[in-house]
Amino acid sequence: MSIVSWLLDRRGERVGAIRQPVPRAASATGVLGAQVKVETLRRRHLRAILAIEHQVYPRPWTLGIFTTEIEGMARGDRFYVVALDGGRLVGYAGMLFTLDEAHITNIAVEPSLHRSGVGKRLMLELMGEGRRRSTRNVSLEVRASNTAAQEMYEAFGFTTAGVRPKYYENVEDANIMWCYEIETPEYGALMRGFWQRLEAAA
């Protein structure tokens with residue numbers, strides 16, 4: 001969670017956990033990300049988003065925070081998308097924009113579908129939007145223990161630039177990661193490679 005996110009959390013209203021539907025298994029190839037439909041986050045998605053949020057985060061975002069982020073989308077300084085598998089929401093991701101930089105606020109996938117490619121599909125949408133907005137550099141925070149997520153971010157060109165001690169629950173450190181110069185043709189080629197691999201796996 002970013003500093004901006006933490007500040008928003010102070011204002012959000014608390015909501016109870018919502019029971020998650022029984023998950024469907026990933027595809028036989030393990031690359032569901034090649035098949036999901038991605039669309040802009042809407043208020044109608046919030047119930048399903050909160051269900052996943054309560055599964056994957058010890059301090060989940062609240063309904064109030066997501067509502068505030070949707071308002072930010074209307075202003076143009078936020079961008080959020082959801083991943084749908086046959087109409088069922090299986091992941092979501094977002095970022096905020098300031099001048100020529102962006103910060104990934106969150107990216108979450110239903111736990112049963114981790115390593116299915118959904119996270120990569122969401123990252124492609126975020127980084128693609130960053131390029132469309134002429135963003136140069138993108139940052140994020142990730143738990144120091146979450147090596148799987150770090151590996152995915154590194155594949156997208158992120159490198160660790162620092163550490164926020166005890167950032168999560170005042171216990172676990174956060175690695176600060178940055179991806180630079182995403183507006184370049186070289187980064188565009190990296191993204192095309194991701195798309196080609198996803199399409200080949202479909």
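Trainee: Which residues does Phe-156 touch, not counting residues up to four places away in sequence?

Mentor: This is a predicted model. Phe-156 touches Lys-120, Met-123, Leu-124, Met-127, Cys-179, Tyr-187, Leu-190 and Phe-194, with residues up to four places away in sequence left out.

Trainee: Where is Phe-156 found, and is Phe-156 buried or exposed?

Mentor: Phe-156 is in the loop that runs between α5 (147–155) and β6 (159–168). Buried means under 20% relative accessible area. Phe-156 counts as buried because its relative accessibility is 0%. Across the protein chain of 202 residues, buried residues make up 51%.

Trainee: How is a pocket found, and how much space lies in the largest pocket?

Mentor: A probe the size of a water molecule, rolled over the atoms, shows where empty space is left. Here the largest pocket holds about 970 Å³ of space. Its lining has 38 residues, and the closest to the pocket centre are Tyr-57, Ile-107, Asn-146, Ala-149 and Tyr-153.

Trainee: Which element gives the most to the lining of the largest pocket?

Mentor: β4 does, with 7 residues. Elements that give two or more residues to this lining include α2 (46–56), α4 (118–132) and β5 (137–143).

Trainee: How do the residues of that lining divide into nonpolar, polar and charged?

Mentor: The lining of the largest pocket has 20 nonpolar, 10 polar and 8 charged residues.

Terms used:
Residues numbered from 1 in each chain as written. Predicted model: local features only at pLDDT ≥ 70, side-chain atom pairs only at ≥ 80, totals over all residues. Heavy atoms only, no water. Helix = DSSP H or I, 4+ residues; strand = E, 2+ residues; numbered from the N terminus. Buried < 20%, exposed > 50% of the residue type's maximum accessible area, 1.4 Å probe, protein only. Contact = heavy atoms within 4.5 Å. 1 Å grid on protein atoms, 1.4 Å probe; cavity = no way out; pocket = protein on both sides within 12 Å on 5 of 7 lines; lining within 4 Å. Points joined across faces, edges and corners; volume = space filled by probe spheres on them. Nonpolar A, V, L, I, M, F, W, Y, C, P; charged D, E, K, R; others polar.
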